[in-house]
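Student: I have a model open and would like to go through it with you. Can we start with the overall build and then move to details?

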Amino acid sequence: MNTQYKLLNDPFLYLFIFFSIFPFIPILGKHISLGTEVLIWFLYALSFNLLLGYTGLPSFGHGAFYGVGSYVTALIYLRFVGNSRNIFLPLLASILVVGILSYFIGFVIRNKRGIYFALLTVAFSQVLYIIAFKWTEVTGGELGITRLFRGQFLGINLESSIRYYYFVLLIAFLGSIAIRKITLSPFGKVLQSLKQNETRVQYLGYDSAKYCCYVMTISGTFAGLCGGLYCMLYSSVFADNMHWIKSGDVVIATLLGGGMTNFYGPIVGSSIFILAREILSSVWDNWVLLYGFAFVLIILFMPTGLLGIFGKMKEKKHFEQFNNNKNR
Amino acid sequence: MNISTILILLFNGVLLGFIYSVVSIGFSLVLGIGQVINFAHGLLFAFGAHIFWYISPTIGYWPAFVITPLIVGGLGFLIEKLVITRVYGQDPLFGLLVTLGISLAGAELIRMIWGKLTKTVSTPVFAVGQVHLVNIIYPRYRVILAVISLLIILFVWWLIIRSNFGTIVKAGMTDSEMISALGHNLPVLRNRVFVMGSILAGVAGIVAAPLWGVKSEMGNDILMLAFIIALMGGLGSIKGTVIAGLVIGIISSLGVLFIPRMVEAVPFILLIVVLFYKPKGLYGELTILGEVTAREK
């Protein structure tokens with residue numbers, strides 16, 4: 001298979017083209033910040049899917065990494081950046097700090113599986129949430145941190161929202177391609193086999209705990225970067241994003257699109273999730289009602305998600321159905 | 001910080017502990033028999049409080065006290081029949097997500113019907129006034145609420161430990177296939193336990209309504225606590241659940257004196273500790289939902 005053929009069959013190419021011309025599409029293009037949010041979520045959900053869809057680790061505390069990423073970016077921005085308004089250092093700091101944090105949490109819970117893993121991630125994220133919510137001197141508590149005006153990224157001016165959109169587009173695609181590389185690498189294959197049969201992977205000589213710790217670090221780091229990008233998008237940070245209910249949103253978005261069976265599922269899911277949220281909430285105040293019911297129906301009747309319906313999956317041999325992992 | 005402040009906080013903590021225990025016992029039983037992590041439990045709690053707030057002014061305190069749990073039980077029956085029966089025997093994450101969806105939708109339904117504002121339940125006439133306990137003055141209503149919750153806990157304890165029904169439920173927790181082989185109708189049993197859990201959540205909602213105010217988010221707040229307490233106490237152990245409930249209640253109440261800001265984080269830290277060092281809980285014989293770690297198998 002030659003390179004050209006590969007490129008033309010790559011969904012990322014079409015996604016990239018679509019998102020590149022997005023600002024120029026007549027009606028949708030008006031909502032640049034919405035588009036930016038979709039891009040951020042796209043990377044966030046893909047990184048989350050490394051845990052849920054690939055390794056089979058149900059993390060319910062991913063919002064904590066996202067939130068800590070936002071706070072670190074905001075705090076570094078306020079303390080160290082000053083008049084240059086360069087967001088390079090804050091974003092770098094968010095990657096480093098969240099990387100260390102997620103490595104630490106991943107290390108602590110590397111041996112836990114299934115529902116125990118989910119509970120521990122909830123517990124850690126709630127502790128972080130309460131710290132963010134109550135430590136008013138540093139995090140601003142309930143009021144959050146506002147007035148974070150982005151200026152430039154190493155000399156590239158990002159003040160206008162369209163420039164920031166393309167900046168996020170670039171980061172989101174580089175990040176997504178990196179995540180895809182990871183899933184296709186030998187490391188990614190080990191992760192997928194961990195989901196199917198951990199005991200056998202251990203007999204093959206892999207240290208499964210180490211792999212879980214590493215995937216947690218990778219996934220958390222990307223989430224931290226997304227949090228940083230998000231806080232620079234809306235110039236503010238609030239603790240709400242760290243609550244476990246909000247962490248449920250990314251789980252929902254991932255499952256909605258079919259992250260359990262398809263690499264591109266989270267992209268579909270998070271786009272639909274963000275758009276539905278914006279459209280429904282502008283039409284009807286109580287849109288969460290529909291959202292909750294839709295979620296129940298999706299879980300009950302199409303556990304493989306939207307992309308799962310279409311059946312033909314690129315890497316379906318490596319996945320099992322969502323509810324079929326009792327032998328783990 | 002004098003002794004009477006501490007005593008008042010201690011009594012508040014005990015009352016809180018009783019409420020937590022009532023909620024957690026229902027949660028724990030459903031988790032034990034159905035292997036379903038019921039995130040809709042907090043919703044049923046919130047529904048109990050709202051329905052009670054809504055109907056008690058018209059039909060009086062005690063009739064509302066009887067009718068509300070029945071309505072919540074009926075709601076639990078519907079949820080179980082329509083949704084949760086479909087997830088029995090599947091991955092626990094499945095049940096968790098489905099019930100999370102139900103609780104999101106239900107909380108929104110509460111906001112739709114009864115509005116977003118926090119509502120207060122006034123003290124009924126017979127409970128106005130104070131009681132002298134040791135050397136402090138304590139509201140009579142709170143004492144009554146504590147006694148009611150204690151009676152409920154004792155009744156459930158009797159039901160599970162001493163009655164025939166309870167024996168079957170406990171057997172069902174250990175080996176559900178075996179009890180169906182012995183001729184007991186497992187779907188009906190699960191349904192009854194779920195309805196019982198819903199009724200308990202509804203009652204706890206009634207008891208908590210005058211203390212915390214009635215709002216749609218009250219379910220989310222107590223859900224995680226119920227989860228923590230059920231885990232700490234040990235699955236299916238009433239004694240363990242009550243002890244864990246009292247511990248969490250007293251810590252959250254007295255903790256305000258020592259760490260006023262971080263008191264809400266304490267239950268989660270306890271959860272981490274329990275999951276690491278005592279995954280079976282204080283008095284539990286079973287770990288929830290099978291294996292704990294990758295290696296212990």
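This is a predicted model: local features need pLDDT of at least 70, side-chain atom pairs count only at pLDDT 80 or more; totals for chains, interfaces and linings use all residues.

Student: How does the radius of gyration of chain A compare with the globule rule?

Tutor: The radius for chain A is 19 Å, close to the 20 Å that the rule gives for 328 residues, so chain A is as compact as a globular protein of that length. Its C-alpha trace spans about 55 × 45 × 45 Å along the principal axes.

Student: What share of chain A counts as buried?

Tutor: Of its 328 residues, 51% are buried. As for contacts in chain A between residues at least 6 apart in sequence, 77% join residues at least 24 apart.

Student: Now chain B. How many helices and strands there?

Tutor: Chain B has eleven helices and two strands. Along the sequence, the pattern is α-α-α-α-β-β-α-α-α-α-α-α-α. The radius of gyration of chain B is 19 Å, close to the 19 Å from the globule rule for 297 residues, so chain B is as compact as a globular protein of that length.

Student: And what does the C-alpha trace of chain B span?

Tutor: About 55 × 45 × 35 Å along its principal axes. Of the 297 residues of chain B, 49% count as buried. Contacts in chain B with a separation of 6 or more are 78% between residues 24 or more positions apart.

Student: Let's look at where the chains meet. How many residues are in contact?

Tutor: 33 residues of chain A contact 38 residues of chain B. On the chain A side, the elements giving two or more residues are α6 (114–134), α11 (208–234), α12 (244–257) and α14 (287–301).

Student: Which of those gives the most?

Tutor: α6(A), with eleven residues. By class, the side of chain A that touches chain B has 20 nonpolar, nine polar and four charged residues.

Student: What is A:G69 in contact with, leaving aside neighbours within four places in sequence?

Tutor: A:S94 and A:V98, and then A:A223, A:G224, A:L225, A:C226, A:G227 and A:G228.

Student: And how far is A:G69 from A:I131?

Tutor: They are 62 residues apart in sequence and 14 Å apart in space, C-alpha to C-alpha.

Student: Back to chain B. How do α3(B) and α8(B) cross?

Tutor: The axes of α3 (residues 61–82) and α8 (residues 186–212) of chain B come within 8 Å and cross at roughly 140°. That makes α3(B) oblique to α8(B). The crossing is right-handed.

Student: Which residues make the contact?

Tutor: From α3(B), they include B:F65, B:P69, B:V72 and B:F77. From α8(B), B:F194, B:V195, B:I199 and B:I206 are among them. By class, this contact has eleven nonpolar, seven polar and one charged residues.

Student: What about α1(B) and α10(B)?

Tutor: The axes of α1 (residues 3–34) and α10 (residues 238–258) of chain B come within 7 Å and cross at roughly 140°. That makes α1(B) oblique to α10(B), and the crossing is right-handed. The residues of that contact divide into 14 nonpolar, eleven polar and no charged.

Key:
Residues are numbered from 1 along each chain as its sequence is written. Chains are lettered from A and ligands numbered from 1 in the order in which they are written. Two residues are in contact if their C-beta atoms, placed from the backbone, lie within 7 Å. Helices (H or I, at least four residues) and strands (E, at least two) are DSSP runs, numbered from the N terminus. Ala, Val, Leu, Ile, Met, Phe, Trp, Tyr, Cys and Pro count as nonpolar, Asp, Glu, Lys and Arg as charged, and the others, Gly among them, as polar. Axes are lines fitted to C-alpha atoms, for helices over the stretch in contact, and angles run from 0 to 180 degrees between N-to-C directions. Angles under 35 degrees count as roughly parallel, over 145 as roughly antiparallel, 65 to 115 as roughly perpendicular and the rest as oblique. A crossing is left-handed if the near helix is turned anticlockwise from the far one by less than a right angle, and right-handed if clockwise. The radius of gyration is taken over C-alpha atoms; the globule rule is 2.2 Å times the number of residues to the power 0.38. A residue is buried if 20 or more other C-beta atoms lie within 10 Å of its own, exposed if 12 or fewer, and partly exposed in between; C-beta atoms are placed from the backbone.
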